[in-house]
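Please report on the local packing in this protein.

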Amino acid sequence: MSTTIAAIATAQAAAGLGTVRLSGENALSIADRVFSAVSGKKLTEAKGYTAYYGKVHDGETELDDAVALVFRAPKSYTGEDVVELSCHGGLFILQRVLRAVFNAGAVAAEGGEFTKRAFLNGKMDLSEAEAVMSLISASGEEARAATLNALDGALSREIGECRDELARTAAFLAAWVDYPDDEIPELSDSQMTETLSTVKYRLEKLLDGFDAGQAILEGIDTAIVGRPNVGKSTLLNALSGRERAIVTSVAGTTRDVLEETVRLGNITLRLADTAGIRTDTDDEIEKIGVVRAKERFDRASLVLMVLDAEQGLSEDDKELLELCKNKNSIIVINKTDKEKTLSRESVKAFVKGENIVEISAKNRKGMDELTAMVEKVVGTAGFDPSAPLITTERQRGCVVKAVEHLTEALDGLSIGITPDATNVCIDCAVENLCVLTGEKATETIVNEVFKNFCVGK
């Protein structure tokens, strides 16, 4: 990491202020070539955590007024010398400042390279680095709080405690096996079982919270389905708070999938209003819409199945209700502002559980009940953003493997396998936890983590 990297660290859009960030052993000297403080002081002479006002220039060409912030290694975000040049936030201005920095000797930062250097320099572990991008993309208060908690090390501490418990057990077993003449007291099967079971429970608790965490952090891919004219587009408009979809009394108005992202309670729904699903249409365009609606139904993580309260269950309704049995779904009985023909009891015969709500999408009645039901079904009701949280599939995979090895160790203990065989399982569990935090992560894993980071972070 001998090169000094630079990138625009603020959004690629016109704004009042914009920042070009440099990091590396030559960050201060390179910044001195493009920035002149009005005080005449060089940034190479500046202390850390200081700011200087001056001009930024490219050779003899003055570009803009600017403020230079100096952070000295190791007390910086990356652990290296860092300079942030803040000027007016026009895109052209920022690009010219960045070009000047490149002309002075810096190289373009790759996506996530600043955070990658922070990880490599020991400023954060891999799970905390992953929390950075989750925090940047947080779309709600719970997501912000949860990812900030992860960035502060809540998951790292939980994983670290589990790892240390296992490592102590493994070390004791290894010593007992390798030095039988040293009178090291044997660790009883009951003691090992208690330790391994406790750690396994803690890890399984993390896994149990993964889906709810994903719903909070990334949102839920949600399909609104039903036969024509049951009020799917009206429901989409009610959820989005605007007239997103055309609503008419003509069956088959919606021919394609309309998409909208909305906040509902504490989660984000990536909604898809699909064409009405029916089998008795001769309209070729509508048939294509039905095919696309079924495809969206198949890949949705949550289905809002809409029924018409004015009418009884049709054969198309019953077919969709059968399909919903195998999906994470909520049955929405719509048009309750009109005379009801359809009852909850008639619907319950086709679905499992009590995931049924009655609403009037047109009058926006029953939306609070729908919100509560969505939170219940996806598991975010009572979500605790202060609890340790797995935020990525990579982290989940590491915990799953660790739990599998602990299960193998516990099964082995129950049938009396040798201590050294048990220790192999424990070591494998420890290794997977170390991969999660980055202590034993390969270069390939590290690169995979940072490849989707934005440039400048």
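## A buried asparagine

N423 has a relative accessible area of 9%, so the residue counts as buried. N423 belongs to helix α15, which spans residues 419-437. Beyond four places in sequence, N423 touches A170, L173 and A174.

## Confidence

This is a predicted model. The average pLDDT of the protein is 83. A score of at least 70 is reached by 87% of the residues. One stretch calls for caution. Over residues 244-257, pLDDT stays under 50. For that stretch the model has 43 contacts beyond four places in sequence.

S23 sits in strand β2, residues 15-23. Is S23 buried or exposed? S23 counts as buried because its relative accessibility is 0%. The cut-off for buried is under 20%.

What does S23 contact beyond four places in sequence? The contacts are T3, T4, I5, T78, E80, D81, V82, F114 and R117. With E80 there is also a polar contact, side chain to side chain, at 2.6 Å. F114 lies 91 residues from S23 along the chain. Yet the C-alpha atoms of S23 and F114 are separated by 7.4 Å.

F114 also takes part in a charge-over-ring arrangement. R21 lies over the face of F114, at 5.3 Å from the ring centre. R21 lies over the face of Y77 as well, here at 5.9 Å from the ring centre.

## Aromatic pairs

How many aromatic pairs does the structure hold? There are two. The table sets them out.

| Pair | Centre to centre | Angle between planes | Geometry |
|---|---|---|---|
| Y49 and F71 | 5.7 Å | 85° | edge-to-face |
| F119 and F450 | 6.4 Å | 40° | tilted |

Take Y49 and F71. This pair links distant parts of the chain, 22 residues apart. Y49 is in the loop between β3 (35-37) and β4 (50-58). F71 is in strand β5, residues 61-71. Y49 has 59% relative accessibility, so Y49 counts as exposed. F71 has 21% and therefore counts as partly exposed.

Now take F119 and F450. Why is this pair called tilted? The planes of F119 and F450 are at 40°, so the pair is tilted. F119 and F450 are 331 residues apart, and their pair links distant parts of the chain. F119 is in helix α3 (residues 113-120), while F450 is in helix α16 (residues 443-450). Both F119 and F450 are buried.

## Strand β8

Strand β8 covers residues 220-225. How many of its six residues are buried? The count is six of six, and the strand is mostly covered. In a regular strand, side chains alternate between the two faces of the sheet. In β8 both faces are covered. One side carries I220, T222 and I224, all buried.

Which strand is joined to β8? Strand β11, residues 302-308, is joined to β8 by four bridges, and the two run parallel. Within this pairing, A223 stands opposite V303 of β11.

Definitions and conventions
Residues are numbered from 1 along each chain as its sequence is written. This is a predicted model: local features need pLDDT of at least 70, side-chain atom pairs count only at pLDDT 80 or more; totals for chains, interfaces and linings use all residues. Side-chain values use heavy atoms; hydrogens and water are left out. Rings of Phe, Tyr and Trp (its six-membered ring) pair if their centres lie within 6.5 Å; planes under 30 degrees apart count as stacked, over 60 as edge-to-face and the rest as tilted. Buried means under 20% relative accessible area, exposed over 50%, partly exposed in between (1.4 Å probe, protein chains only). A charge sits over a ring if NZ of Lys or CZ of Arg is within 6 Å of the ring centre and within 35 degrees of the ring normal. Two strands pair if DSSP finds at least two bridges between them. pLDDT is the predictor's confidence in each residue, from 0 to 100. Contact means heavy atoms within 4.5 Å. A polar contact is a pair of N or O atoms within 3.5 Å; within protein, one must be able to donate a hydrogen and the other to accept it, and residues adjacent in sequence count only if both atoms are side-chain atoms.
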